[in-house]
Amino acid sequence: FNRRCAFIDLDLQYGDASFYMSHDVSKNNISDLTQQIERLDSKLLSSCIQKISPHLNLLAAPEEPGVALAITAAQLEQVLALANRMHESVVLDLDRNIDSVTLKALDMADVIYVVMEGTLPVLRNAKRLVKLFKSLGYSDEKLRLLVNKYQDKDLLDLNEIEQVVGLKVHRTIPNEMNAVNEAFNLGKPMGALFPQNGVLKSLREMTSELLNEPMPKARGWI
């Protein structure tokens, strides 16, 4: 969609987005910003992000899990506010554990995607998580339930999931693990290997709806 986007890995203990998204080891990460929060500006942020593609920047999680413990909610708020001013879209990948830092990110988010698989243990956790979100005052419009690795023969159907979780299923992402794993293992984008893959199709449609923009037209031979 040609949007300037920042992807920020907020799985601060064990984030691995830089491993999946780039062959280069990230020299700097979010902790390098928070340790110098008093001089945070666009130049410092630009020096700490990895350029993944012409429109995509990555701010990696700390390499050392212990370093993440020093990051505060107030520091994160400053980093996210600056990233938002410098990009048209900011996507956050959050750990499922809820703490003050995670809550600050959730509060600042326009939309929260709750990603789950159609199994009973995950269903139970999703129900508890959505209940927590609603107790924090997040509206149903802010919460969007995604069922990942979905297939029609799953034991739980979508109606059952909606009744238990207490939230409408916003979208399903098909179970095409062979293609996804091949992309992971080769370290290449799904779009380069399987441009018509069902996972990509779902993500593109979801992004189109999120941005309120029509799907880009496919390029022809001419």
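Tutor: On a 1 Å grid over the protein atoms alone, a pocket is an open set of points with protein on both sides within 12 Å along at least five of seven lines, whereas a cavity is a set where a 1.4 Å probe fits but cannot get out. A residue belongs to the lining if it has an atom within 4 Å of a point. This model is predicted, with local features needing pLDDT of at least 70 and side-chain atom pairs pLDDT 80 or more, while totals for chains, interfaces and linings use all residues. Residues are numbered from 1 along each chain as its sequence is written, and side-chain values use heavy atoms, without hydrogens and water.

Student: What makes up the lining of the second largest pocket, by class?

Tutor: Seven residues are nonpolar, three polar and three charged. Ala, Val, Leu, Ile, Met, Phe, Trp, Tyr, Cys and Pro count as nonpolar, Asp, Glu, Lys and Arg as charged, and the others, Gly among them, as polar.

Student: How many cavities of 30 Å³ or more does the structure hold?

Tutor: One. The largest cavity has a volume of about 40 Å³. Its lining consists of A6, F7, I8, L45, I49, N57, L58, L59, A83 and H87. By class, the lining of the largest cavity has eight nonpolar residues, two polar and no charged.

Student: A83 is in that lining. Why is A83 called buried?

Tutor: Buried means under 20% relative accessible area, exposed over 50%, and partly exposed in between (1.4 Å probe, protein chains only). A83 has 2% relative accessibility, so A83 counts as buried. A83 sits in helix α4 (residues 73-86). Beyond its neighbours within four places in sequence, A83 is in contact (heavy atoms within 4.5 Å) with I8, L45 and V90. The C-alpha atoms of A83 and L45 are 7.8 Å apart, although 38 residues separate the two along the chain.

Student: How do you know whether N2 is buried or exposed?

Tutor: N2 has 62% relative accessibility, so N2 counts as exposed. N2 lies in the segment before β1, and has a positive phi of about 60° without being a glycine.

Student: What makes K149 partly exposed?

Tutor: The relative accessible area of K149 is 29%, so K149 is partly exposed. K149 is in strand β6 (residues 143-150), and its phi is near 55°, a positive value in a residue other than glycine.

Student: How many helices and strands does the protein chain have?

Tutor: Ten helices and seven strands. Helices (H or I, at least four residues) and strands (E, at least two) are DSSP runs, numbered from the N terminus.

Student: Why is the protein chain called as compact as a globular protein of its length?

Tutor: The globule rule, 2.2 Å times the number of residues to the power 0.38, is set against a radius of gyration taken over C-alpha atoms. For 222 residues the rule gives 17 Å and the chain has 18 Å, a close value, so the chain is as compact as a globular protein of that length. Buried residues make up 37% of its 222 residues.

Methods. Grid points are joined across faces, edges and corners, and a volume is the space filled by probe spheres set on the points.
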